[in-house]
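Thanks for sending this one over. Here are my notes on the aromatic rings and a few residues around them.

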Amino acid sequence: MKKQTVVLLIILGLIVTMAAGRVNAQSLNFSLDIGFEFNVGDKLLPAGRYTIRRSPLGADDVLVIQSADGRTSQQFRMKIFLSKESATENKKLIFTKYGDQRFLSQIWAISPLGKSTRYQISKSKREMELEKQAKQDASATQPETVSLVIK
């Protein structure tokens, strides 16, 4: 009887943990103005108003960024890092900048449970090339971090 109770508690714990992760991951849906052109994956997006949301296909590791007019849309893969700490900052986008090229690299959000969540965007081939050049050659354009806070 004790063994069955322990197994049941473990299963319940796993279900609660997975459900909390899905609720947190699905909560990402917001709009913002981005005042400069930027890259998401291999696609260059113009400055403008965008909505970032979960993929309608339900994939946990895919987000969609779409322009307000619906003409520009890009899906991208990411990794989700959940924090056990309460969020202390607003939502924000983090871009890695090489010269005049900006790459969306992270999205920080607040889960429905008030925890900080970081979405790490997979790097494109072009961004990996620029990163490699910067590491190998000190005279090459070095990366900078640009934050865009969402209010």
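1. Ground rules. This is a predicted model, in which local features need pLDDT of at least 70 and side-chain atom pairs count only at pLDDT 80 or more, while totals for chains, interfaces and linings use all residues. Residues are numbered from 1 along each chain as its sequence is written, and side-chain values use heavy atoms, with hydrogens and water left out.

2. Aromatic pairs. Rings of Phe, Tyr and Trp (its six-membered ring) pair if their centres lie within 6.5 Å; planes under 30 degrees apart are stacked, over 60 edge-to-face, and the rest tilted. By this rule there are four aromatic pairs. One of them joins Phe-36 and Phe-95 edge-to-face, with 5.0 Å centre to centre and 80° between the planes. Phe-36 lies in the loop between strand E1 (29-34) and strand E2 (38-40) and Phe-95 in strand E7 (residues 91-98), so this pair ties together parts 59 residues apart in sequence. Strands (E, at least two residues) and helices (H or I, at least four) are DSSP runs, numbered from the N terminus.

3. Are Phe-36 and Phe-95 buried or exposed? Both are buried (under 20% relative accessible area; exposed is over 50%, partly exposed in between, with a 1.4 Å probe and protein chains only). Phe-38 is buried too, at 0%, and Phe-95 has 0% relative accessibility. Phe-36, Phe-38, Tyr-50 and Phe-95 form one aromatic cluster.

4. Charges over rings. The criterion is NZ of Lys or CZ of Arg within 6 Å of the ring centre and within 35 degrees of the ring normal. The charged end of Arg-102 sits over the ring of Phe-36, 4.3 Å from its centre. Lys-92 lies over the face of Trp-108, 4.1 Å from the ring centre.

5. Lys-92. This lysine lies in strand E7 and counts as buried because its relative accessibility is 10%. Beyond neighbours within four places in sequence, Lys-92 contacts (heavy atoms within 4.5 Å) Gln-106, Ile-107, Trp-108, Leu-148, Val-149 and Ile-150.

6. Ser-122. Look for Ser-122 in the loop between strand E9 (115-121) and helix H2 (125-136); Ser-122 is partly exposed at 42% relative accessible area. Ser-122 and Lys-79 are 43 residues apart in sequence and 7.7 Å apart in space, C-alpha to C-alpha.
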